[in-house]
Amino acid sequence: MPVPGATSAPIPASAPAAGYYEFKPFNIGRWIVWSLFAVVLFVAPLLFTSSLSQTMLSQMGIAIIVCLSYNMLLGQGGMLSFGHAVYSGMGSFLAIHTLNMVGKGLPIPVSLIPIVGGLAGMLFAVLFGWVTTKKAATPFAMITLGVGELVWASSLMFPEFFGGEGGISSNRVTGPKPLGITFGPQIQLYYLIAVYTFVCTALMFAFTRTPLGRMLNAVRDNPERVEFVGYDTRKVRYIAFIIAAFFAGISGGLAALNFEIVTSEVVSGPRSGAYLLFTFLGGATFFFGPIIGAVLMVLAFVLLSELTKAWLLYLGLVFLFMVMYAPGGIASLVMMNLRVAAFGRLRELWVSYLALGATALIVLLGAAGMIEMVYHLKLNPALGPELKFLGAPLNAHGVNSWFGCAFVMLTGIGLFELTRRHFVHQWGEIQEYIEKEVKRREALA
Amino acid sequence: MSDSSSFALELRDLRKSFGKTEIIRGANLAVRPGERVAVIGPNGAGKSTLFNLISGRFEPTSGEVLLNGKRIDGKKPFEINRLGLSRSFQITNIFPKLSVFENLRCGVLWSLGYRYTFLKFLADLDDANDRAEELMKMIRLERKRDVLAVNLTYAEQRALEIGVTIGGGAGVILLDEPTAGMSKSETRRFIELIKEVTVGKTLLTVEHDMGVVFGLADKIAVVVYGEVIAFDSPEKVRANQRVQEAYLGSHVADAQVGAH
Amino acid sequence: QQAPARPAAAPAAQGNQAAAPSGGGALKGQTVRIAFMDPLSGAFANVGQNQLKSWQFAAEQLSGKTPSGVKFEVVGFDNKGSPQESLNTLKAAIDQGFRYVTQGNGSGAAAAILDAVSKHNERNPGKEIVYLNYAAVDPALTNEKCDYWHFRLDADTSMKMEALTTFMKDQQNIKKVYLINQNYAHGHQVNKYFKDAMKRKRPDVQIVGEELHPLGQVKDFAPYVAKIKQAGADTVVTGNWGQDLTLLVKAMNDAGLKVPMYTYYAGVTGTPTALAAGGDSEVYVVAYGHSNQKGDIGQMAAEFKKKFNDDYYTFATYNGIQLLGAAFAKAGSTDPIRVAKALEGLTVKSFAGDVQMRAADHQLQQSMFITKWQKAKQGEYNVENTGYTFVPIKQMDPYVSSTPTSCQMKRPAG
Amino acid sequence: MLKVENLHAFYGKSHVLHGVHFDVQPGEIVALLGRNGSGRSTTAKAIMGMVDCTGTVDWKGQQALGRKPYEIAHLGIGYVPENRDIFPKLTVHQNLMLGQKRANQKARWSFDDMYEMFPRLKERQHTEAGVLSGGEQQMLTLCRTLMGDPDLIIIDEPTEGLAPKIVELVAEYLKKLKDRGVSVLLIEQKLTIAMAISDRALVMGHGSIVFQGTPESLRADAYTRKEWLEV
Amino acid sequence: MEFFTISLLNGISYGLLLFMLSSGLTLIFSMMGVLNFAHASFYMLGAYFAFTTSQLVGYWPALVVAPLLVALIGALFEKYCLRRVHKFGHVPELLITFGLSFIILEMVQLVWGTSSADYRVPQALGGPLFTLYGTQFPMYRGFMMLVAVLMLIAIWLLLTRTRIGLVIQAALTHPETVEALGHNVPRVFMLVFGGGAALAGLAGVIGGNAFVTEPGMAATVGSVIFVVVVVGGMGSLTGAFVASLLIGVIQTFAVGVDASIMGALNAVGAPITSDTFGYPLWRLKISQIAPILPYLFLVLMLIFRPKGLLGTREG
Ligand SMILES: Nc1ncnc2c1ncn2[C@@H]1O[C@H](COP(=O)(O)OP(=O)(O)OP(=O)(O)O)[C@@H](O)[C@H]1O
Ligand SMILES: Nc1ncnc2c1ncn2[C@@H]1O[C@H](COP(=O)(O)OP(=O)(O)OP(=O)(O)O)[C@@H](O)[C@H]1O
Ligand SMILES: CC(C)C[C@H](N)C(=O)O
Ligand SMILES: [Mg+2]
Ligand SMILES: [Mg+2]
């Protein structure tokens, strides 16, 4: 697909959407967006009621906060961190210790425990950030890697604090119970998380509209020049780092409440890596990108791995293709289409999208069928060659199944290529139109 | 030397070596407030290096730099900027992924006292926004308000570079080849613009284009081989034999007129 | 051969006779589904996948053959080795109607599941879950963290150490012992229990070194071997597993340091292959089973090998199914509340004598074996097709390894 | 030697060159003049295969269009880009080395020739090119291309940012090239030097050639100068 | 003395081993600026390829064939994937190698199964090379050191005797200009990436049987190889070499040091007991943290000398 780089996307994270002489309709748009967000948060658990989906929704909220906070570093500050889990994780640990103390009579309401986590994350950021933010770019990335590895290694060495292998567990049903809210049932906790998610998202969005938030963008783009307009880049990075860690810590605190157990995996390198991968997948160049990324992260880890043993393979492939064809993440795809919509041309694309989607699905079906057969042969040899794939019986030893899958896939590829060509043409034509239109409007202005 | 506080900018026996090579070899210069100084000299003479030393990008090996009578050598760029000195770059150096308006606003925030705050909305900072709008008008980029800096044309980027430089309201402005890469007509317009936006300020600018130099400057400083060999009015500098030899060559007159 | 319960396990006596089928007929034809949660993907999937197969195999073999006559079905959930993911898989399993879950790889995940099951049962009466822990050996799980719904089929670190030191105390050539362990809970425990036990059993044995190294971080064990050698150790004791074990053994081989090693985990999937590639070394393993079992279980292992070309060594799966089957019969139901109660103190016949689920802490009391790693002779089990095998050199009755518990079990009212 | 016919070039969808025709003979200096944005740099890039284009670029009887830039370079066309694309992290000497198409080639030009021409470069030989002064960088790009021993060299605004004295030097240098049989396509703003050294001048406007002739005839053609060059 | 000599030997050989593991990464990182997270995966592929080829045709051919196969995969990856994302910047480059590492891991498990491969040291290289104070020095370790040194020489020649290094460095910032000067940039990039992958593959051939060939092997090499590259200094091959040796030696000697902060403080009369705040930290012995010292080293190095030991640039 001819998806242009993120740079050509119309409204970058930093665009002055909340600019100065803002015209009214846009603000209405903003109201609508935020209200929608609130409604989605509110309604989601009413639609998905199983206990798994409720815990997944809770985890999505938690992931949203932490991915957004990660993006304060990556997307807004250009700081590639390999150790963000340190801050969310330390938030978790201190939160759970606090929760245990609440159990022993410390008078803090359970609903404020995440704040404790946030403060803890912040504290560690004040300490570690002092060294990590001394540098930018690759040295920064590498220091965070080193600090992350050190903390992770320590987490196993100090069972007194980290609880050893079993971690620290606790019980969130403790302390006073205002209005009978115990946070015992998942749904009550979900709404606590939802409130935090909404507030933190709003706060982090607000942050992007503040002088520091803007200077952070400037530091990302051109640190040298920032020094010549009066700012100490190191300090900008440091403060932003601390703020990001605060939100990460909040998410860690919520996670502690949600799981009621914290083990050393929460500060691990793979965890930090997951934040990076999914923030990027969602789209680091747009504020809302990490939200998409966070939702996908939970889906991938919880659902995808339930559905198929080949989930890591699929994940790897998704990354490969996303990075190659949509380096701005999913958010950039969304924004590009919004731009087309803004010029009133999205309608024409529906058919193409449907066709693209359908043909891509065919390719996927064929390919996935074969992948699943291979995995089945490899992993479940004892269960015989038969397997069910999306309800269809396949025989991993049968020529028919293989031939069928290959046929489906090849047909899919052929059809996809045809529709893709058509789409590319159409897309190019629309972009041309938009460019002209922009020029024309500029000329009028 | 006269009372140093009467100078906006003063260099005293400034030296800078990179490794074993000494690039700036004892430069002295004293610029009075409100003067427009053109810094000229052969390629590699050390003009940009001089600017880098003054603005804190490099630390001098020895010598002093005084801004309004206060020592600034060895300070960090942002400290110097806060003391009222601002510079532009020979190679365009702006915030590519921010819009024109945002670029300018970044340039004014510190001087208006907003510092590292994250408790106020940018949209509510009326003074900063007004100032940025004003700057945008000055550099004639109103129509490109929301365009990302990368997507500007070269000349527009150069204009933005100047806008960001003067935004902070510094009293001493250093411009390094502001018109490099522009056509004659653009250059001419641009010089007007520079004149306009630096009214009442002390200006140092590096230029190779003699037309510009003579059009813009009250005084000319000639840098050769890391030293300021002459600092005088344009006429006198032009007449100076050493300058002739070292820099201008025989076609000065041509260079000025012929290019049109 | 009856295993007399130690004083601490007094309540166990009640259950002793209960293994006889009672009401088995009524349950015949029912299917009980067990959710298996361990890493099935990623770099450490090998053990999990072997063990899932083991469970499924045991379920298939024993379906309808236990006193209750129920059928068993084991379904794998991938917890990726992560405690938090385990909680998700647990939720998923609960949503899908599973009432029995089993897990074993990693005490971290075990603690998380134990805790979550406990809370779930408390908060959702009538939907109780029973958790069978088949391999997570942190003693805490049956001591300070013990829980009514958790039943451990493996022997914990302290029990294995009891058995191991009982064997070692008779080895007169052991004079100077070097302890090398991973620097985390399990390693700390191995150190501690070894020192405690040896002080009691062989006060003359000197501990010449006590090393803790970071988990999974050491790529080169040569410096440690140099240290061991310098300390003049004649014996090495380690709870290391995975590459921390194989690399240690290889490094000792390479340096020509031929001292016996006493280990916990030389038999885990992949480790024998790696050991064999490293050459001959004197390695002992303490476990509740070994690869040269005769009888039922021996046959099962052979069949498993034929079917999967893989080793069946997680015999806890066998005990687990047997125990459940007997408990269903005893309870006359497959309802977890009644089954949990029935499991307490239950004794069943295992592949090596009787085993009993001690009621006090839900820790299975079973025989222990010390085996030695050596080239397989004709007729001996060829571990992972390496040409090597683990031969039993000592079997110990359950009481030998039985350790007291500090568990204060909270049992549900009624 | 070089014959360009009906050259159209595009940046994405925007059509920049609209049918350019011209040629360069062996040993000739041709100046390509025009206002900013008229398409001169694009013409150079098109010849080098660095932009999408259609038409004919005939080089010594071969079609050059459609080849990769490095193939074109190997055919003997050298290109000095306009924005001083020196390699900042490499030393001056290394920059020159990269000008050679293969190591230790025998060519018209040696390192010493270059250093002789611009002694300044010799002094800075082992300095990272990124820290050179603007003018030094410009000299370096010129020399670097020359090291590849081209038969035709396309130079985009070589005097940009150079002190007047150095501009003269460059002019002489270009004449020297000519003496050694190298053709030059010179893209310039500064009419003076272009007029002084070129054999022919082309004027470009809105993506096509609007004037061809000798410098004298251009000087005489007040209309063209007014309409297409001055403001 | 005995312990010292043996530790020094161990340290140097471990250092060389680290260099062997990271040389390909150094090559790619320093020349192309790509943090190749799939490097360890190439290492793993090398081991598995060698395992299979050595079963078919023996160890010595495998020593050549396996790295070539890995190089091929690396080159194809560069050509069809990495090249396309180069223009998007370093983060996408890094992420795409992340993606690749997942895919390689899964592929390896599909082809060779999830368990360890029985890949053994060849007979000819088994056994001790010499015996020192009663401790054997294995022949295979000697072989490994030899290969590491050969790798160093090969890369050094590549960098100094050819202009590939220059072409790549220049092309990083100005690909078009380099091409216009007559260099086939894409091919050079492909060769370098393939070459880096081949080095990783070779390390795998040799490391696979010296250690363990299993799907987890990539993860265990993991981040320590980055430490070597960064501590040595980006862009510096000799730096990486020196850093490897230094880390090897320091780490090895650290294993032998059983001192702790508590011990030191107690010695100077500031008693620390189990009640003192932070007791577990003070109690920690240096030997216990030896394997994670490299990370500490990395952090300190970047703070105090961000260019690395012999590096010339910061990023
Ligand atoms: N960081 C540095 N390290 C080494 N040498 C340097 C460094 N910075 C500048 N130089 C050298 O100092 C000399 C002066 O450079 P500078 O950029 O100041 O010249 P300039 O007068 O601005 O010339 P131009 O008009 O060509 O821009 C040059 O020879 C340059 O190579
Ligand atoms: N990369 C690009 N993408 C899109 N348009 C471009 C690009 N480069 C140049 N253009 C456009 O192509 C036209 C011709 O540009 P070109 O650079 O060839 O002009 P020029 O005559 O060399 O002018 P200059 O004096 O600025 O160097 C201009 O309108 C310019 O805006
Ligand atoms: C992320 C890193 C590979 C960046 C690198 N230091 C560079 O800018 O070249
Ligand atoms: Mg300069
Ligand atoms: Mg041009």
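Helices (H or I, at least four residues) and strands (E, at least two) are DSSP runs, numbered from the N terminus. The structure described here is a predicted model, in which local features need pLDDT of at least 70 and side-chain atom pairs count only at pLDDT 80 or more, while totals for chains, interfaces and linings use all residues. Residues are numbered from 1 along each chain as its sequence is written, chains are lettered from A and ligands numbered from 1 in the order in which they are written, and side-chain values use heavy atoms, with hydrogens and water left out.

In chain D, strand β2 spans residues 14-24 and contains D:G19. This glycine, D:G19, is buried because its relative accessibility is 13%, where buried means under 20% relative accessible area, exposed over 50% and partly exposed in between (1.4 Å probe, protein chains only). Although D:G19 and D:T56 are 37 residues apart along the chain, their C-alpha atoms are separated by 9.9 Å.

A magnesium ion, ligand 5, is coordinated by the OG atom of D:S41 and the OE atom of D:E82, at 1.8 to 2.4 Å. These two residues link distant parts of the chain, 41 residues apart: D:S41 belongs to helix α1 (residues 40-48) of chain D, and D:E82 to the loop between β6 (77-80) and α3 (92-99). Donors are N, O and S atoms within 2.8 Å of the metal (3.2 Å for Na, K and Ca); since water is not among the atoms, sites may look incomplete. D:S41 is buried, with a relative accessible area of 13%, whereas D:E82 is partly exposed at 34%.

Ligand 2 is surrounded by 13 residues, the closest being D:N36, D:G37, D:R40, D:S41 and D:T42; a residue is counted if one of its heavy atoms lies within 4 Å. The shell comprises two nonpolar, seven polar and four charged residues. Here Ala, Val, Leu, Ile, Met, Phe, Trp, Tyr, Cys and Pro count as nonpolar, Asp, Glu, Lys and Arg as charged, and the others, Gly among them, as polar. Helix α1 of chain D supplies the largest share of this shell, three residues.

An oxygen atom of the ligand lies 2.5 Å from a side-chain N or O atom of D:S41, one lies 3.0 Å from a polar backbone atom of D:G39, and one lies 3.2 Å from a backbone N or O atom of D:S38. On its own, ligand 2 has 630 Å² of accessible area, of which the protein covers 60%; such areas come from the Shrake-Rupley method with a 1.4 Å probe.

Note on methods:
Polar contact = N/O pair within 3.5 Å; in protein donor to acceptor, adjacent residues only side chain to side chain.
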